[in-house]
Every structure is written in C-alpha cells, then in structure tokens.
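Morning, everyone. Let's take a quick look at this one together. Please bring up the view.

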Amino acid sequence: MDLNETTKEVLNRHPWELSRTKCVLNRFARYLGNTDKMAVYANIGAGDLYFDRALLKRYAKHRIYAVDIAYKNLESGDGRIHKYHFFEEITQKSIDYAIMMDSLEYMERDAAYVKKVSRKIKSGGYFFFTLPAFPILFSDYDINIKNLRRYDRKSFAAILKEIPELEIIEEYYFYTSLFLIRFVQKLLHIPIDPEHKFTANWGYGEDAWITRLLTACLNLDFSINKTLGKLGIYFPGLSMIAICRKK
C-alpha cells in the first residue's frame with residue numbers, strides 16, 4: 001500500500017492490491033532465478049511493505065532495501081528488510097534487482113532517477129516497474145495522491161532512450177476493465193474518490209465473496225493482457241508493467 005493513500009492502518013486489502021501483488025509477483029518470478037540463491041533488491045516507494053513481505057515468503061534467502069520518504073520510523077520488524085528514506089542512503093555497492101511499483105510518477109526528474117538507480121544494478125540484473133497508465137486519465141485523484149504524471153509505452157520508451165544500458169524485455173498494460181471505468185468517470189466529470197478514502201478503506205475481508213470475485217476478475221484481466229502483449233497487441237489499461245534488463 002502506498003503511504004500516500006492512507007493515514008491509518010489497513011484492515012482489509014483492496015481487490016486491486018490483492019490482484020496486483022499476486023499477478024505482478026508471478027510475472028517477476030520468471031526473472032528472479034533460484035529461490036535458494038541469495039539476492040538483493042531495492043524497492044523504491046515500498047510503502048507499507050505488503051508486496052515485499054509477499055516476495056520474501058517465496059524467496060527465503062533474499063534481502064530487500066525498502067525506500068520510502070514517508071516512513072515515520074525505520075524499523076521493519078524483519079531482519080531481511082532494511083528501511084531507508086532515500087535511495088542514496090543504501091551503502092550496498094550493487095544490487096541484483098530494483099523495483100518501482102507505482103512510484104516513478106512521484107519523481108520530478110523521472111529519467112534521471114531511473115538512471116541513478118540503474119547504476120547500482122549489476123550487469124544482467126533487472127529493473128521492474130508498474131506505472132499508472134495513460135495521461136488522458138490524469139485526474140483529481142492523481143493530484144490528491146501527489147502523482148505528477150501517468151505513462152504510456154511511448155513516454156516510457158523516451159525515458160529508456162536516455163539510459164542505453166537498460167533494455168525492455170516485456171511490457172504491456174493491464175486492468176482494462178478499470179481503465180474503462182476510470183475513462184467514463186473522467187469523460188462524465190464524475191468525482192473519483194471525493195471523500196479521499198482511497199483503496200485503504202475496503203470494507204470486506206480477503207475471504208469475502210465480493211473480494212474473491214473482484215480479485216479473480218482482475219487476475220483474469222491481467223492474464224489476458226499479458227497474453228495479448230506477447231502477441232504485440234496492447235489493450236489500454238489502468239496500469240502498465242515494464243520489465244527491463246541491464247546489459
């Protein structure tokens with residue numbers, strides 16, 4: 001959970017977050033290698049560490065440097081997670097993987113930030129991104145959570161042109177269903193989250209039928225877009241995933 005989206009403890013995870021965590025982690029797993037081998041990550045914009053803890057359940061020997069300027073304290077409660085306010089505070093000389101999940105949009109100079117992080121990734125390592133997609137969807141919701149921009153494949157490719165050591169291995173949009181809902185809201189000037197509840201106030205538990213149903217629908221949405229992306233077909237989506245390899 002992005003710390004900009006909540007001011008209190010999260011009791012129930014939103015179907016969007018449950019689906020994104022499962023689907024994105026499954027996709028990253030293709031590139032993460034042997035679960036018995038030690039690896040080091042930097043997760044920029046790690047938020048409340050929900051994704052990081054899900055990752056570490058699968059990879060017992062991995063270690064994460066979690067970076068988020070919004071941390072009120074740097075205690076993680078897990079010896080394999082080390083929290084920092086700024087990426088520059090990490091003293092590790094090189095990392096195996098970098099992760100930016102819905103955090104690049106907060107950086108004033110996004111290309112320069114990606115370049116800075118990429119310098120620490122070892123040759124052959126990976127840089128994983130999820131991004132809010134389509135500038136046409138930019139709304140008061142983005143302003144409320146302090147997003148500076150949304151991305152599409154063209155704007156992300158422009159960033160990578162400035163960083164020749166990174167190459168895109170795969171990318172596609174996902175959550176077409178949510179794109180359509182957000183597009184209609186924007187088109188009809190319907191307020192998006194006018195009470196500033198964000199996704200942190202989902203009212204149903206993970207085992208509730210409505211949570212399970214919506215999560216399954218989003219999982220299917222992700223899977224369809226992943227398959228189409230392999231064929232070079234890119235349906236619009238609320239979000240975008242990009243996986244880059246350092247040469």
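A search of the whole structure turns up 18 aromatic pairs. One of them is Phe-174 with Tyr-175, edge-to-face, at 4.7 Å centre to centre and 70 degrees between the planes. Keep in mind that this is a predicted model.

Stay on that pair. Are Phe-174 and Tyr-175 buried or exposed? Phe-174 is buried, and Tyr-175 is buried as well.

Next, the ring cluster. Which residues does it hold? Ring pairs link Phe-28, Tyr-31, Tyr-41, Phe-51, Tyr-97, Tyr-126 and Phe-128.

Now charges over rings. Lys-83 lies over the face of Tyr-71, 4.2 Å from the ring centre. Arg-182 lies over the face of Tyr-141, and there the figure is 5.0 Å from the ring centre.

On to the surface. There is a nonpolar patch here, built from Ile-136, Phe-183, Val-184, Leu-187, Leu-188 and Ile-190. Together they have about 530 Å² of accessible area. Find Ile-136 in the loop between β5 (121-132) and α4 (140-144).

Last stop, the strands. How much of β2 is covered? Strand β2, residues 63-67, is mostly covered, with 4 of its 5 residues buried. Strand β1, residues 40-44, runs parallel to β2, and 5 bridges join the two. For a landmark, take Asn-43, which stands opposite Ala-66 in β2.

Notes: Residues are numbered from 1 along each chain as its sequence is written. This is a predicted model: local features need pLDDT of at least 70, side-chain atom pairs count only at pLDDT 80 or more; totals for chains, interfaces and linings use all residues. Side-chain values use heavy atoms; hydrogens and water are left out. Rings of Phe, Tyr and Trp (its six-membered ring) pair if their centres lie within 6.5 Å; planes under 30 degrees apart count as stacked, over 60 as edge-to-face and the rest as tilted. Buried means under 20% relative accessible area, exposed over 50%, partly exposed in between (1.4 Å probe, protein chains only). A charge sits over a ring if NZ of Lys or CZ of Arg is within 6 Å of the ring centre and within 35 degrees of the ring normal. Patches are made of residues with over 30% relative accessible area and no salt bridge: like charges are joined within 9 Å, nonpolar side chains (Val, Leu, Ile, Met, Phe, Trp, Tyr) within 5 Å. Accessible areas come from the Shrake-Rupley method with a 1.4 Å probe; for residues, only the protein chains shown count as cover. A salt bridge is a side-chain nitrogen of Lys or Arg within 4 Å of a carboxyl oxygen of Asp or Glu. Two strands pair if DSSP finds at least two bridges between them.
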